[in-house]
Amino acid sequence: MTSALAAESLGRRYRRDVWGLRECTIQVPAGRVVALVGPNGSGKTTLLNMAAGLLAPSTGTVQVVGASPQKRLDRIGYVAQDAPLWPRLRVEDVIEIGRCLNPLFDARMALDRIRQLGIPTRARVNSISGGQRAQVALTLVLAKHPDLMLLDEPMANLDPLARREFLTSMFASCMDTGTAVLFSSHVVAELERICDYLIVLRRGRVSLAGDVDELRRTHRVVTGPIGWRSSDSRRVINEWSGGGRTNALVRSGSSPSTGPGLEEAAPTFDELVLGYLEEDEPARQEALT
Amino acid sequence: MCLIWRQHRGQALWVGLTLASICALALGVSWSASHWLAGYHQWVKALADAGCPPPDAHSGDFHVRSAATCNTLRGLYSGAQQPAFVARYNFTVLVFEDGFPAALAIIGVLVGAPLVAREVEQRTQLASWTQSVSRRRWYVMKVTVSAASLAAVGLVAGIANARLQHTLGSGGLISSRWVWFFSTNLALVGEILLAFALGVAFGAWLRRTLAAAGAGIASFLVLLFATGWAVRTLTPTEQTIGPTFNVPAGGWGLSQSSSLGSVRYHPASQYWPLQLVFLAVLGIIVVGVLATGWHATRTRAV
């Protein structure tokens, strides 16, 4: 089956020796909701921009549904940070633009959705709230019925209620259509609720990529006395202490192997993400599936 | 087209209103000058009918039938036609010969500079370029539609200014239509397109509308003087022979040679060929400048 997004040794150099992304190899299966996580400057936006055809790769290749993004613009939906839209246009004009520029655009669905959300269609974009603007941008994307949706922190400036409304409606629409979503956000709790696939970026490289359930099976949080160090062959991703205990996120095989005095448990989504974000020396690429 | 229309209809409105205003001004002045000349000619005829001396007569024998009538008629206009006309309409040289190209250049730059730069400033290029239309098509369509509209604006303005120039020439304010060569007809089409292209290209490179407008105006002036000089002096000319330095009627004098006693000039018949050459040279520059704008849009605008 063709991946919604496939990147092979993908890299983007901005200036001499300044790389936004390096050696990125990932496969996003169709229909998956993928969390893209990483600190500021880790290459999330660069990856999304290349996947959307906005930036040309310096090295490697990127394909969306089996072809270069420029040839799949009609299959890609992209909402950038803060959901920028033409500020002086009316909401209905934005929808009309979507209809003109996209052959598969479902204008009726878009207008129905806008009305259901209570957004006035005659209002200008610069007069509606940030949450409403994000919803209009999401509607513009959903009405294309894309195979891959790229969301680059579209909710960064939204209040919690607007964030929840955005996430709920986005998730429901994608479940209906089977659209794959690559969702960049700093709010890990939100990602945990909706994402079933995880990509962690650090310093422009992929630290971790894979199905969330599979990653939880192949990692363990091992808890032991203060100062405990893993003595077996398992790789320690990150350690932290608290409550008189030392915890470690370790990469293991599929079966647990508890040592004396140690307790093991599958990591939560939070522990997986934070473990890899705080890893001292990130490996080149941990898992590819 | 619908994106372009919705995004730029406000701009189209102010450009249209500005064009209508300056053309109405030019045609109004032209009508006023025609009216003045017609009145002047009637006045001269009335003076002749009354046996009064013509306005430019300093001495001579006249059969004045009524001194009172002559005194009354003399109060209507002052002196010979040309000085009177020049005194009345001299302001038009600054306003229309220089002001028209300046106004059109400003319009061109103000339309061109935000075309890419405003999108980048507002980050709306991220929405435009992720629809199902390629970035190249987006750029080509925006530039083509805007340039075609501005070319029409330049042509209308050029024809309106040429109409005014013709009237002013009839009154003796302008010796030939060469004087306003860069302010009339096809020249204004090339100039507004050049200003537009520079605005677009600087906008794409600088990604700031205001800076692009400033750089566009400055570079427009440089390129206009350079191309104007080149078209005027590097194209084939003719030369007078003999002791007089007078340029033949309707000609555009370029340079005198004292040793040869001759003048290089463009004959009247060269007016339209040179207009076309000037337009073509500016057209080539416009295409080159827009190509650099595309390069910046493709490589720098995200």
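In chain A of this predicted model, A:Thr223 stands opposite A:Asn247 of strand E12(A).

Chain A contributes 22 residues to the contact and chain B contributes 16 residues. On the side of chain A that touches chain B, the elements giving two or more residues are strand E5 (76-79) and helix H2 (91-101) of chain A. Of these, H2(A) gives the most, with five residues. By class, this side of chain A consists of 16 nonpolar, three polar and three charged residues.

Mostly covered, H2(A) has eight buried residues among its eleven. Which residues of H2(A) are buried? They are A:Val91, A:Asp93, A:Val94, A:Ile95, A:Glu96, A:Ile97, A:Gly98 and A:Leu101. The packing partners of these buried residues come from both chains: helix H3 (107-116) and helix H4 (130-142) of chain A, together with helix H1 (2-49) of chain B.

Within chain B, two helix pairs share helix H8(B). Two packed helices are described by the angle between their axes and the distance between the axes. For H4 (residues 91-122) and H8 (residues 209-234) of chain B, the axes come within 8 Å and cross at roughly 145°. The crossing in which H4(B) passes H8(B) is right-handed. On the H4(B) side, the residues that meet H8(B) are B:Ala105, B:Val109, B:Leu110, B:Gly112, B:Ala113, B:Pro114, B:Ala117, B:Arg118 and B:Glu121. Their counterparts in H8(B) are B:Thr209, B:Ala212, B:Ala213, B:Gly216, B:Ile217 and B:Phe220. Ten nonpolar, three polar and two charged residues make up the contact of H4(B) with H8(B).

The other pair joins H8(B) to helix H7 of chain B (residues 185-206), with the axes 8 Å apart and an angle of about 140°. That angle makes H7(B) oblique to H8(B), and the crossing of the two helices is right-handed. From H7(B), the contact includes B:Glu191, B:Leu194, B:Ala195, B:Leu198 and B:Phe202. Among the H8(B) residues taking part are B:Thr209, B:Ala212, B:Gly216, B:Phe220, B:Leu223 and B:Leu224. In the contact of H7(B) with H8(B), twelve residues are nonpolar, five are polar and one is charged.

B:Ala204, which lies in helix H7 of chain B, counts as buried because 28 C-beta neighbours fall inside 10 Å. How far apart in space are B:Ala204 and B:Gly112? The C-alpha to C-alpha separation is 9.9 Å, although the two are 92 residues apart in sequence. If neighbours within four places in sequence are left aside, B:Ala204 is in contact with B:Val116, B:Gly293, B:Ala296, B:Thr297 and B:Ala301.

Chain B also has a sheet to examine. Three strands of chain B form an open sheet in the order E1-E3-E2, with antiparallel pairing. Strands E1 and E2 of chain B are the edge strands, each pairing on one side only. Strand E1 (residues 238-239) and strand E3 (residues 262-266) of chain B run antiparallel and are joined by two bridges. Strand E2 (residues 252-257) of chain B, for its part, pairs with E3(B) in the antiparallel sense over five bridges.

Technical notes:
Residues are numbered from 1 along each chain as its sequence is written. Chains are lettered from A and ligands numbered from 1 in the order in which they are written. This is a predicted model: local features need pLDDT of at least 70, side-chain atom pairs count only at pLDDT 80 or more; totals for chains, interfaces and linings use all residues. Two residues are in contact if their C-beta atoms, placed from the backbone, lie within 7 Å. Helices (H or I, at least four residues) and strands (E, at least two) are DSSP runs, numbered from the N terminus. Ala, Val, Leu, Ile, Met, Phe, Trp, Tyr, Cys and Pro count as nonpolar, Asp, Glu, Lys and Arg as charged, and the others, Gly among them, as polar. Axes are lines fitted to C-alpha atoms, for helices over the stretch in contact, and angles run from 0 to 180 degrees between N-to-C directions. A crossing is left-handed if the near helix is turned anticlockwise from the far one by less than a right angle, and right-handed if clockwise. A residue is buried if 20 or more other C-beta atoms lie within 10 Å of its own, exposed if 12 or fewer, and partly exposed in between; C-beta atoms are placed from the backbone. Two strands pair if DSSP finds at least two bridges between them. Angles under 35 degrees count as roughly parallel, over 145 as roughly antiparallel, 65 to 115 as roughly perpendicular and the rest as oblique.
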